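Look at the model, then read on.

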Amino acid sequence: MNKAELLELVQKNLGAETSKRAAADALEAVLEALAKGIKKEGNVQLIGFGTFKVAKRAARTGRNPKTGESMKIKASKNVRFVASSALKGSL
């Protein structure tokens, strides 16, 4: 499912009187709030859905696949998602 398909599903769930623009605005507001929460707090927990949290990756040595030469990969931060037991059970 891509963002456009998700947007159509949100619009359907909100009802026929909801415009596509209003559904898009609602979806954007939720995504922005998630991003701000993760950046500020380090994690966002949605009961019954799951938890988004920041995971740190240490610096490491990798290999250039084209040349086979060793190279250093910088430390980085990524966002991880852990599904709740309720979501896992619904699959």
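## Where the domains meet

Between them, domain 1 and domain 2 bury about 520 Å², and 73% of that lies on carbon and sulfur atoms. Buried area is the accessible area (1.4 Å probe) that two parts lose on being put together, summed over both. Three residues supply 86% of the area that domain 1 buries against domain 2: Leu 34, Ile 38 and Lys 40.

Salt bridges between domain 1 and domain 2 number zero.

## How the model was read

This is a predicted model: local features need pLDDT of at least 70, side-chain atom pairs count only at pLDDT 80 or more, and totals for chains, interfaces and linings use all residues. Residues are numbered from 1 along each chain as its sequence is written, and side-chain values use heavy atoms, with hydrogens and water left out.

Five residues from domain 1 and eight residues from domain 2 take part in the contact, which is defined by heavy atoms within 4.5 Å.

The protein chain has three helices and five strands. Along the sequence the pattern is α-α-β-β-β-β-β-α. Helices (H or I, at least four residues) and strands (E, at least two) are DSSP runs, numbered from the N terminus.

## Salt bridges

How many salt bridges does the structure hold? The count is two. A salt bridge is a side-chain nitrogen of Lys or Arg within 4 Å of a carboxyl oxygen of Asp or Glu. One joins Glu 28 and Lys 3, with the closest N and O atoms 2.3 Å apart. Glu 28 sits in helix H2 (residues 20-41) and Lys 3 in helix H1 (residues 3-14), so the pair ties together parts that are 25 residues apart in sequence.
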